Amino acid sequence: MRRAGGDRTGPSASASAPASGPASAGAPAAPGPAREPGKRPPVLAPGPGGLTPVFERARQRTDKTVALTFDADMTADQGPRAADGERFDNPELIATLRRLKVPSTVFMTGRWAEEYPDQAKSIGTDPMFEIANHSYSHHAFTSPCYGLPALDGAAVRADVDRAFEAFRKAGAVNTVPYFRFPGGCYDDRALRALSTAKVTAVQWDVVSGDAFAKDPVAVAEQVLAGVKPGSVVVMHCTRSAAPVTEEAIRTIVPELRKRGYRFVKVSELIGT
């Protein structure tokens, strides 16, 4: 089983985006160009035997681009906890990304979109963001996986489809055919079960360590130490499970811009 290390909750393609000049230190850079209306987001070709392809980091590694990605996690059985006041959203984080003009990819579970439909619609209609699929249930696609309950192989495609339908019902339109395995856990059997969904699985090469973290400085330092041209950073958009992410972002973004990095969505890294 393959598992991206360090994510407790949750073949490379060429990066095609033209490089832009470094932004001035701490200043918001303009977001990358919007995708042309009607143009489909890029995906990778299937792997050997038709397996779902997996993207981790751009192969083109001279362009100083980086994709910040945020998992909006909520498992199918956490409704009672939300009803009791636990917050699985993080609107302050989204507001900060907007204020700093950081194009981002949000890997959202269908259950999260059902719990917070207004936020799902707001994110999914803002050209600054794109919404990718993080399953409906946030159950594991292979086991063991950080204690997550496991989906039966036959239920995989239905779970993915149900998430896309939840996004549609919420009114999100900026959705992309990318998928992130809950917990980052997968094997060839999971890739085979997912193959009929025609998505590209997106992992990461930089683990932020924001899940359950209490020190935003440590999170920021870990990200800044790991980012390279073409990196994909995994973070979280869930207040209860990642309470210091927004604060860490306020350090990460200006420092990476000072180093000459430009923020892009995953679709720009995958694009050819």
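Strand β10, residues 231-236, is mostly covered in this predicted model, with six of its six residues buried. S231, V233 and M235 point one way from β10, while V232, V234 and H236 point the other way. All of these side chains are buried.

**Pairing of β10**

Strand β3, residues 65-72, runs parallel to β10 and is joined to it by six bridges. Within this pairing, L68 has V233 of β10 as its bridge partner. Strand β9, residues 206-207, also pairs with β10 in the parallel sense, over two bridges. Here V207 stands opposite V234 of β10. From β9 the chain passes through helix α7, residues 216-226, to reach β10, and this β-α-β crossover is right-handed.

The loop between α7 and β10 contains G230. Is G230 buried or exposed? With a relative accessible area of 0%, G230 is buried. Apart from neighbours within four places in sequence, the contacts of G230 are with R57, A58, D63, T65 and L269. G230 and F263 are 33 residues apart along the chain, and their C-alpha atoms are separated by 9.9 Å.

Strand β5 spans residues 129-133. Because five of its five residues are buried, β5 is largely enclosed by the rest of the structure. F129, I131 and N133 lie on one side of β5 and E130 and A132 on the other, so that both faces are covered, in the sense that all five of these named residues are buried.

Strand β4, residues 104-108, runs parallel to β5, and five bridges join the two. V106 has I131 of β5 as its bridge partner. Strand β6, residues 175-179, pairs with β5 in the parallel sense over two bridges. In β6, N133 is partnered by F179. Together, β5, α5 and β6 make a right-handed β-α-β unit.

G147 is found in the loop between β5 and α5. Its relative accessibility is 77%, so G147 counts as exposed. Between the C-alpha atoms of G147 and G183 the distance is 9.5 Å, and the two residues are 36 apart in sequence.

**Aromatic rings**

The structure holds six aromatic pairs. One of them is F164 with F167: the ring centres are 6.0 Å apart and the planes are at 90°, so this pair is edge-to-face. F164 and F167 are three residues apart in helix α5, residues 156-170, and are therefore separated by about one helical turn. F164 is partly exposed, with a relative accessible area of 26%. F167, by contrast, is buried, with a relative accessible area of 0%.

Why does the pair of F181 and Y186 count as stacked? The centres of these rings are 5.2 Å apart and the planes are at 15°, and therefore the pair is stacked. Both F181 and Y186 are buried. These two residues belong to one aromatic cluster together with F141 and F179. F179 is also the bridge partner of N133 in β6.

| Charged residue | Ring | Distance from charged end to ring centre |
|---|---|---|
| R162 | Y136 | 3.8 Å |
| R180 | F107 | 4.0 Å |

**Confidence of the model**

The protein chain has a mean pLDDT of 88, and 86% of its residues reach 70 or more. Over residues 5-34 the pLDDT is below 50, although in the model this stretch has 89 contacts beyond near neighbours in sequence. Where pLDDT is low, the predicted coordinates should not be read in detail.

Technical notes
Residues numbered from 1 in each chain as written. Predicted model: local features only at pLDDT ≥ 70, side-chain atom pairs only at ≥ 80, totals over all residues. Heavy atoms only, no water. Buried < 20%, exposed > 50% of the residue type's maximum accessible area, 1.4 Å probe, protein only. Helix = DSSP H or I, 4+ residues; strand = E, 2+ residues; numbered from the N terminus. Pairing = 2+ DSSP bridges. Right-handed = clockwise from strand over helix to strand, strands pointing away. pLDDT = per-residue confidence, 0-100. Contact = heavy atoms within 4.5 Å. Phe/Tyr/Trp six-rings, centres within 6.5 Å; stacked < 30°, edge-to-face > 60°. Lys NZ or Arg CZ within 6 Å of the ring centre and 35° of its normal.
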